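These are my notebook entries on one chain.

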Amino acid sequence: MHPRARIHADPATEFDQFDCLPDPVVLLILNKLEDVRSLGRCSAVSKRFRGLVPLVSDVYVKIDRVVATDGDADDSLNLSAAKPQNILSHFFKLMLFTIVKPFHGMRNLNSTGRPLFPLAQHSPVHVLRNFSDVWNLRVELPSGDVGTEEGVLLKWRAEYGSTLRNCVILGGTLVDRKPIGAEHEPSVEDNGSMPESFYTNGGLKLRVVWTISSLIAASTRHYLLRSIIKDHPTLRSLVLADADGQGTLYMGVEQLREFRENKLSASACSNRTQVPACNMKLKYAPYLELPGGLGLQGATLVVIKPSNDGSYGGHSRRKETEAFVCSAFDEPFRFAVKALMKRRTYLLEMNGF
């Protein structure tokens, strides 16, 4: 009887091919992740990843809720709550951002039982302090700041240094979808000028409210970025947007340098940056047909510059402003902006507040 044969495992040593990648290549991969939650999970994988994650240069932070001024978590706003309709009361209450911790429950590899990032640190400011070389930062709020009625379009984009540099606002009283084959009858009042009814039916007043509300939203976001910019001298670009796509605040290399070199002028009445005196260009169309079968009623474009900027005077600065306005939004709203830019311009002035 022949002896029973035994099967032996391959004695060759198995190893992780990922370990063969040099650190710069691994950092490129981690930069593609961006999301701070995913990076937090990666930091728990190995000692090597824990040392590389803080060196990531592109970071995305999604904020899930906003905590009230008194810091009581019970008063935090959740995503299912109705949007506030009063921009002033909304912003005077909101001070501190919180995010659902991407590092919750992760333990240090040294078996001390301590979390990789302490759970007491709930704000993006504290989470981002774990990253030492951030170049490009994108922060997303849970919702837009300005409450609007259903069907109303309101979008804004602001560029800030130590104070407001540029702001463009696109609004419309109703976004509707045109039935296939249907033709829109042009308004009898659309002769290229603002109709008389615009002044008497509250149309102009509504646009002023949109403008002030958007500027308050932008200046509040700008004020809340102080700690983040202070803690990250390597920042080259910073975008603070919202999940609704309503508003975006942008700061580039030049704007960030100006922010650090100049003292901020805070508003006396709330926790936001003071809005300087501004010149505004308003353009209006009763109705615009947009790509994709969409229609925009009461289409309005407002371009805002600080009064002391002088950008409207020089040809090159005007070109820069036009480029900023035309690239502020994605399609189909970029189409709407370009169409409104051809309309008659109405000039307004606004004091600082």
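I took helices (H or I, at least four residues) and strands (E, at least two) as DSSP runs, numbered from the N terminus. On that basis I recorded 11 helices and 12 strands in the chain. The model is predicted, so I noted that local features need pLDDT of at least 70 and side-chain atom pairs pLDDT 80 or more, while totals for chains, interfaces and linings use all residues. Residues are numbered from 1 along each chain as its sequence is written, and side-chain values use heavy atoms, without hydrogens and water.

Entry on burial. I called a residue buried under 20% relative accessible area, exposed over 50% and partly exposed in between (1.4 Å probe, protein chains only). Buried residues form 44% of the 353 in the chain.

Entry on cores. I defined a nonpolar core as buried Ala, Val, Leu, Ile, Met, Phe, Trp, Tyr and Cys residues joined through side-chain atoms within 4.5 Å. The largest has 54 residues, and Phe131, Leu137, Met251 and Ile304 have the most contacts inside it. Apart from it lies another core of 19 residues, including Val168, Leu290, Val337 and Leu340.

I then looked up Leu137, counting contact as heavy atoms within 4.5 Å. Beyond its neighbours within four places in sequence, Leu137 touches Val59, Val61, Leu128, Ile228, Leu235, Ser237, Leu238 and Val239.

Entry on helix H11. In H11 (residues 333–341), I found Phe333, Ala336, Val337 and Leu340 buried. They lie on the same side of H11, because they cover an arc of only 100° around the axis, taken from the directions from the helix axis to the C-beta atoms.
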